[in-house]
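Q: Hi! I have a structure open and would like to talk it through with you. Could you take a look with me?

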Amino acid sequence: MLLAQATPGSFDTLLQQLGNGIAMGSVYALIAVGYTMVYGVLQLINFAHGEVYMLGAYYSYWPARWLGYVPDAGEKPSVPLYIVGLLFVAAMSACALTGMLIERLAYRPLRKASRLAALITAIGVSLLLQNLAQMAFSADPRGYPQLVQQTSVQLGPIALANTKLIIIAVAAIMMTGLHLFVQHTRPGSAMRAVSFDMRTARLMGVNVNRTIAMTFAIGSIMAAVAGMLVAMDQPRLTPMMGLMAGLKAFVAAVLGGIGSIPGAALGGLLLGVLEALVGWQKPEYTEAVAFAVLIVVLLVKPTGLLGKTGREKV
Amino acid sequence: MAETVLELEGINVFYGAIHALRDVSLCVNAGEVVTLIGANGAGKTTTLATICGLMRPKSGSVKYNGADIARAQTHELVAQGLVMAPEGRGIFPNLTVDENLRIGAYARRDKPAVAADLAHAYEIFPRLSERKRQKGGTLSGGEQQMLAIARALMSAPKLLLLDEPSLGLAPLIVQTIFATIDRINKQGVTILLVEQNANIALKHSHRAYVIEAGRVDIEGDSAQLRNDPRVKAAYLGEG
């Protein structure tokens, strides 16, 4: 990882940290939309979503390795762009299938059960996937091939790794695309209808089961992209990497207002920047920021920044 | 005799341990307005929910155009023209009137026909046309009911199920709504209407079923039922 080293607490370090914070926040945003969309349609916190992000990284690692792109291969020539693209497609498709499978096997049978039962199941699925990943991939950290040669890009006073700029750019494109999809397409309007009122959506001819499966697929695709982008920036994969990332993205979704896609984007960026600011002064407290934010939001404004204040559906 | 569009035969429906519908049989013929009247909790809404696939009967058959639909999915039925405007209206409060109507046409892919039906809906309900860009949640109760019916029409129904269209509305508005129901029926839509307001429902229907405690108690021509002493005493507040 390329980080311009400057003395902690200086102004240049602040700018530097803000840059890193925006990149990290973009990752949170990509994961957070998965939480927020699933909550929107099912009022369920899908705690297994962090694991889908982890799998996104592994799903691209294995085909890359199979193609001969091994981590730490020294001076190996850079990976052709179309291969990187194909790896993205592979990770996105595999995660979409994983997400739909989780919904089909774990959540759909509980559609009419209490929300608590579904929530506990979600935690169970999360643990299951972590352990399955440890069995399948081993608990040892793995390196990740340099799909893009890491360089440092000088932007005025700060230097950002090109992989961080890629994270920001790709996340911005994905989030904009998602917003357009939800607001302006037929399946998008079905998603909105289901999240407003599942019963009425059904009466309008919306195939609710298919719409819910699609919601999981889209959330998982976003998480897959996040997983791969992070692996390209910080090439260290572990089966547990989804835990903290997932929790923080969940906090981002709550901060922005759970159920709101623009809220997830805003919450992700804010959390990333906030972590960076704390890290600028007190690096040892960085990991606590998300949890402090969660507590404050739940106490002060449980609906989040852009969340609906209206009545709760029963 | 017109052909039968909808036929329920001996259906039994349960909510958990509660036996909500007992051996309910009824039929609706093409072109008719049939009403289901009865007290609160008698099973009228349950009957509609069972017809449109939101609830499953434990026994008995539900036939739509001759085909058994007791296990069909609601969205498939909508595509076949069996459409319900739900009780409590189910308006999407955060969508505009126009968006609400367009979602009604969700299952249809023939864009020109949808556009024509949208124009037609605004023609039937000029009030909605005035409020096109307003959010559904800001409409009055009567306007929301009009929107619910207009939205159901956007699904191109052949059989329209209306659940308590008069609920919570002022008498004058109720008159307007029922005049519109007559008009929709004359344009060729068969209607099954659930109402607590037996008086107006019997005036605006061809045949009626009276449901009590989950059973069909009385059935017959609406004009006859209006003079039936039992109906008069129990539901029309006379006698």
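Q: Let's start with Val38(A): does it count as buried or exposed, and why?
A: Val38(A) counts as buried because it has 29 C-beta neighbours inside 10 Å. The cut-offs are 20 or more other C-beta atoms within 10 Å for buried, 12 or fewer for exposed, and partly exposed in between, with C-beta atoms placed from the backbone.

Q: Before we go on, what should I know about the model and the numbering?
A: This is a predicted model, where local features need pLDDT of at least 70, side-chain atom pairs count only at pLDDT 80 or more, and totals for chains, interfaces and linings use all residues. Residues are numbered from 1 along each chain as its sequence is written, while chains are lettered from A and ligands numbered from 1 in the order in which they are written.

Q: Thanks! Which element holds Val38(A), and what does Val38(A) touch?
A: Val38(A) belongs to helix 1 (residues 11-42) of chain A. Helices here are DSSP runs of H or I with at least four residues, strands are E runs of at least two, and both are numbered from the N terminus. Leaving out residues up to four places away in sequence, Val38(A) touches Leu44(A), Asn46(A), Thr215(A), Phe216(A) and Gly219(A); contact means C-beta atoms, placed from the backbone, within 7 Å.

Q: How do helix 3 and helix 8 of chain A pack?
A: Helix 3 (residues 81-107) and helix 8 (residues 208-233) of chain A pack at about 140 degrees, with axes 7 Å apart. That makes helix 3 of chain A oblique to helix 8 of chain A, because angles under 35 degrees count as roughly parallel, over 145 as roughly antiparallel, 65 to 115 as roughly perpendicular and the rest as oblique. Axes are lines fitted to C-alpha atoms, for helices over the stretch in contact, and angles run from 0 to 180 degrees between N-to-C directions.

Q: What sort of residues make that contact?
A: The contact of helix 3 with helix 8 of chain A divides into 16 nonpolar, five polar and one charged. Ala, Val, Leu, Ile, Met, Phe, Trp, Tyr, Cys and Pro count as nonpolar, Asp, Glu, Lys and Arg as charged, and the others, Gly among them, as polar.

Q: Over to chain B. What is the strand order in the six-strand sheet?
A: The open sheet of six strands in chain B runs 6-7-8-3-9-10, with mixed pairing. Strands pair if DSSP finds at least two bridges between them. Strand 6 (82-85) and strand 10 (215-221) of chain B are the edges, each pairing on one side only. Strand 9 (residues 207-212) and strand 10 of chain B run antiparallel and are joined by six bridges, with Gly220(B) as the bridge partner of Ala208(B).

Q: And the four-strand sheet, what is its order?
A: The order in chain B is 2-1-4-5, an open sheet with antiparallel pairing. Its edges are strand 2 (18-29) and strand 5 (67-68) of chain B. Strand 4 (residues 59-64) of chain B pairs with strand 5 over two bridges, where Tyr64(B) stands opposite Ala67(B).

Q: Last one: how many residues does each chain give to the contact?
A: Chain B gives 16 residues and chain A gives 13 residues. Helix 2 (74-79) and helix 3 (97-104) of chain B are the elements giving two or more residues to the chain B side, and helix 2 of chain B has the largest share, four residues.

Technical notes: Contact = placed C-beta atoms within 7 Å.
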